[in-house]
Amino acid sequence: MIRLVLVSIVALAMFSVVAFTAGCETTEATTTTTASGATAEYVVCSHCGEFKGSEACCAEGAEECAKCGLAKGSPGCCKINKDGGDVTLCNGCGHVKGTDECCAEGAKTCDKCGLAKGSPGCCKIGG
Ligand SMILES: [Zn+2]
Ligand SMILES: [Zn+2]
Ligand SMILES: [Zn+2]
Ligand SMILES: [Zn+2]
């Protein structure tokens, strides 16, 4: 009798663990990894702020950011100048290549992606 109770308690505990884990799926940003897997260059389109060659690049109907005019939430949104020329992001730090911020020492790194926190590439390019 006692044994039966124990078993049902264990079963119950297991069930709640399963229910718990199923209920808290991590909402991680979907990383856009290129199928080739090669060290891709991340070029941000200065017309829309999205990565060049991506499906989102210059897509019609994209929501525009009221501040910068680029696609809202795009890697370049409020980070690069609209129509100021396409920029290449540094794979090592996520900042625009060749800027003072690029690979600057002491920069805060994002604990999700390892790139510089708040950089255009932060959580957007596959480090
Ligand atoms: Zn574009
Ligand atoms: Zn913006
Ligand atoms: Zn860099
Ligand atoms: Zn990040």
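Glu50 sits in the loop between β1 and β2; helices here are DSSP runs of H or I of at least four residues, strands are E runs of at least two, and both are numbered from the N terminus. This is a predicted model, in which local features need pLDDT of at least 70, side-chain atom pairs count only at pLDDT 80 or more, and totals for chains, interfaces and linings use all residues. Residues are numbered from 1 along each chain as its sequence is written, while chains are lettered from A and ligands numbered from 1 in the order in which they are written.

Back to Glu50. Is Glu50 buried or exposed? Glu50 counts as buried because it has 24 C-beta neighbours inside 10 Å. The cut-offs are these: buried is 20 or more other C-beta atoms within 10 Å of the residue's own, exposed is 12 or fewer, partly exposed is in between, and the C-beta atoms are placed from the backbone. Leaving out residues up to four places away in sequence, Glu50 touches Cys45, Ala56, Cys57, Ala71, Ser74 and Pro75. Contact means that the C-beta atoms of two residues, placed from the backbone, lie within 7 Å. Lys72 is 22 residues from Glu50 along the chain, and their C-alpha atoms are separated by 9.4 Å.

Two of those partners, next. Ala56 is in the loop between β1 and β2. Ala56 has 16 C-beta neighbours inside 10 Å, so it counts as partly exposed. Its contacts, again without residues up to four places away, are Glu50, Ala62 and Ala71. From Ala56 to Ala71, 15 residues along the chain, the C-alpha separation is 9.0 Å.

Cys57 is found in the loop between β1 (42-44) and β2 (87-89). Cys57 is partly exposed because its count of C-beta neighbours inside 10 Å is 18. Which residues does Cys57 touch, not counting those up to four places away in sequence? They are Cys45, Cys48, Glu50, Phe51 and Lys52.

Now the backbone. Asp83, also found in the loop between β1 and β2, has a positive phi of about 60 degrees although it is not a glycine. Asp83 counts as exposed, because there are 11 C-beta neighbours inside 10 Å. Cys123 lies in the segment after β2, and its phi is near 60 degrees, a positive value in a residue other than glycine. Cys123 is partly exposed because 19 other C-beta atoms lie within 10 Å.

The chain as a whole. The protein chain has 1 helix and 2 strands, running α-β-β from the N terminus on. Of its 127 residues, 24% count as buried. Of the contacts between residues at least 6 apart in sequence, 42% join residues at least 24 apart.

The largest nonpolar core has 19 residues, and those with the most contacts inside it are Tyr42, Val44, Val87, Leu89 and Leu115. β1 and β2 are the elements that give two or more residues to this core. A nonpolar core is a set of buried Ala, Val, Leu, Ile, Met, Phe, Trp, Tyr and Cys residues joined through C-beta atoms within 7 Å.

Last, confidence. The average pLDDT, the predictor's confidence in each residue from 0 to 100, is 82 for the protein chain, and 69% of the residues score at least 70. Over residues 23-36 pLDDT stays under 50, and the model has 5 contacts beyond four places in sequence for them. Where pLDDT is low, the predicted coordinates should not be read in detail.
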